[in-house]
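Me: I'd like to go through this one together, slowly. Could you take my questions as they come?

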Amino acid sequence: MASPGRVVGARTYAAVDHRRKAADIVASTGTTALTGAEALALRMTSLLLRPHPTAAPPASVADVVDWFGAMQAQDLASGMWSLGIRLPGSTHADVHAALERREALRTWPMRGTIHLVPARDARWLLELTGVRALAGAAKRREFLGLSEAEADRAAEVLGETLAGGGRLTRAECVAALVAAGIDGAGQRGYHLLWYAAQRGVTCIAPNIGTEQTFALLDEWAPEQRQLDRDEALATLALRYFRSHGPTTRQDFAGWTGLTAADAKRGIAAAGADLTSVLVDGAEAVLHTPLLDAPRAEVDDVLTLPGFDEYLLGYKDRALMLDPEHKQAIIPGSNGVFQATVVVGGRVAGTWKRSLAKTRVTLTVHPLVDLDPAHREQVEQALHRYADFLALPPRVTWND
């Protein structure tokens, strides 16, 4: 998809500036056609970063995670702010308390990556999307010197150790494996913890202090929904496009790790809840009610965490990210995303935090020219993040 035209301070992103409403641009097939700028405006609404025309604003962690179906959360601090920024006025303590109430949980449902998921949906998500990660785990076990039998035995040991409401830190889980005669040194321990969660034996419970903890999935979230395969595919497709659209079937397959055939099947199974559109001539899909959302450009400013669905939810990020800025966001293409300053839906800079006991220092690195008004808005957005942490902020600029 082509990048939409945007002006941030004195910097203009090169693109054709289409001003006509997309409702007036209808392809010969009768499909609604959108410009890149209009698609970006709708996408920001889907991501719950702007008001939605038909959905009530989320009032809880459960509301946010249910809307998305799954949210990247391999970096816990990033995952917490992904929730916080969509729950204005909330604090880190509020979000942690919601996770303790089991409004959502973390596990490895897709692509071997940790996500926040609705607690009652963890098992069917693992069964639907986790099988491909399990199938590809044999090479990793071979590299680590582990057999499948050892991995299965480790899952049994963890199940027995955690039974009865147990909740152990990662170190305590590995110690339990070692006590049972299973080598958990180095990356072996992490892989065995991943394997047990991927099998649906365990899940990641909220941190105790700075320590990651694990619990039995069946005990932490006992009321699991049961969906047949077509229901599961339809539900996953609806949630993805509801929270990310308009975007492509390829993005959906990339996000879920599903085959192209299953991605297509899920979209079809979602029926009239999803609608095909054209974005700069390319086929895309969105949640049907989104067609009623405003498509005008909005000059808003957000400070998003590095692993937010805003970027991680897509393979094609051209609507949001100028190619020349990719290395600044993913240095060395190492998969570690920097936190972003977003102006009018487009990445305009990065930011980093430095935590102390009595203050958080927030350093901004602009990637485009930002005028004084936009700089003031960036600082206000970072102050909201500091409020989330309940710490006074110090904002610095690294131009």
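Reply: What follows is a short exchange on a sheet, some salt bridges, a helix pair and a hairpin.

Reply: This is a predicted model, in which local features need pLDDT of at least 70, side-chain atom pairs count only at pLDDT 80 or more, and totals for chains, interfaces and linings use all residues. Residues are numbered from 1 along each chain as its sequence is written, and side-chain values use heavy atoms, with hydrogens and water left out.

Me: Ok, in what order do the strands of the open sheet run?

Reply: The order is S3-S10-S11, an open sheet of three strands with mixed pairing; two strands pair if DSSP finds at least two bridges between them, and strands (E, at least two residues) and helices (H or I, at least four) are DSSP runs numbered from the N terminus. Strand S3 (33-34) and strand S11 (282-287) each have a single partner strand and stand at the edges, so one side of each lacks a neighbour in the sheet.

Me: And how many bridges join S10 and S11?

Reply: Six bridges join S11 to strand S10 (residues 274-279), in the antiparallel sense, and within that pairing Thr-275 stands opposite Leu-286 in S11. Helix H11 (residues 229-244) packs on the sheet and touches S10 and S11, its direction making about 100° with that of S11; contact here means heavy atoms within 4.5 Å, while axes are lines fitted to C-alpha atoms, for helices over the stretch in contact, with angles from 0 to 180 degrees between N-to-C directions.

Me: Switching to charges: how many salt bridges does the structure hold?

Reply: There are 13 salt bridges, each being a side-chain nitrogen of Lys or Arg within 4 Å of a carboxyl oxygen of Asp or Glu. One of them joins Asp-300 to Arg-50, with the closest N and O atoms 2.8 Å apart. Asp-300 is in the loop between S11 and strand S12 (301-304) and Arg-50 in the loop between helix H1 (36-46) and helix H2 (61-68), so this pair ties together parts 250 residues apart in sequence.

Me: Is Asp-300 buried or exposed?

Reply: Asp-300 counts as buried at 15% relative accessibility, and Arg-50 is buried too, with a relative accessible area of 11%; buried means under 20% relative accessible area, exposed over 50%, and partly exposed in between (1.4 Å probe, protein chains only).

Me: What about Arg-225, which residue does it bridge to?

Reply: Arg-225 forms a salt bridge with Asp-121, where the closest N and O atoms are 3.4 Å apart. Asp-121 is buried at a relative accessible area of 0%, whereas Arg-225 counts as partly exposed at 24%.

Me: New topic: at what angle do H8 and H9 cross?

Reply: The axes of helix H8 (residues 170-179) and helix H9 (residues 187-198) cross at roughly 95° and come within 10 Å. The two helices are therefore roughly perpendicular to each other, a label for angles of 65 to 115 degrees, with under 35 counting as roughly parallel, over 145 as roughly antiparallel and the rest as oblique. Among the residues making the contact are Cys-173 and Leu-177 of H8 and Tyr-190 and Leu-193 of H9.

Me: Last one: how many residues of S8 are buried?

Reply: Six of the seven residues of strand S8 (residues 202-208) are buried, so S8 is largely enclosed by the rest of the structure. S8 pairs with strand S9 (residues 211-216) in the antiparallel sense over five bridges, and Phe-214 in S9 is the bridge partner of Ile-204. The hairpin of S8 and S9 has two residues between the strands, and Gly-209 takes a positive phi near 65° there.
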